[in-house]
Amino acid sequence: MRRSFAIGILCVAGMAWGVFYMKNAVRTLDSELALTRETYDATVKRIHVLKAEWSYLNRPERLARLARRHLELQPVSTAQIVAFNQVPLRTVVRGGGQ
């Protein structure tokens, strides 16, 4: 009877240790999941902000104003238009690899 009682106590102690271990493992995984969700939510918010900024910065009227200010483009004159056979071809250099 003492032997079965001792075995019963050992089994209960082992199960208690197992439950304690599982509880801590679940708590750790729950913390990791919460951190992952927070990171995901922050990333989604940053992506939304970046998309809004991209849309704002790529407005056609803004790009046209910047092009006028910085590129100094001129309309094409008729003197610049030539036949295709008058365009000089580039020569391709092969070999050497230098």
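Q: What sits over the ring of Tyr56?
A: The charged end of Arg59, 4.3 Å from the ring centre. The criterion is NZ of Lys or CZ of Arg within 6 Å of the ring centre and within 35 degrees of the ring normal. This is a predicted model: local features need pLDDT of at least 70, side-chain atom pairs count only at pLDDT 80 or more, and totals for chains, interfaces and linings use all residues. Side-chain values use heavy atoms, without hydrogens and water, and residues are numbered from 1 along each chain as its sequence is written.

Q: Is Tyr56 buried or exposed?
A: Exposed, at a relative accessible area of 54%. Buried means under 20%, exposed over 50%, partly exposed in between (1.4 Å probe, protein chains only).

Q: Which helix is Tyr56 in?
A: Helix H1. Helices are DSSP runs (H or I, at least four residues), numbered from the N terminus.

Q: Switching topic. How many aromatic pairs does the structure hold?
A: One. Trp17 and Tyr21 are stacked, 5.5 Å centre to centre, with 15 degrees between the planes. Rings of Phe, Tyr and Trp (its six-membered ring) pair if their centres lie within 6.5 Å; planes under 30 degrees apart count as stacked, over 60 as edge-to-face and the rest as tilted.

Q: Where do Trp17 and Tyr21 lie?
A: Both are in helix H1, residues 2-57. They are four residues apart, about one turn of the helix.

Q: And are Trp17 and Tyr21 buried or exposed?
A: Both are exposed.

Note on methods:
Helices (H or I, at least four residues) and strands (E, at least two) are DSSP runs, numbered from the N terminus.
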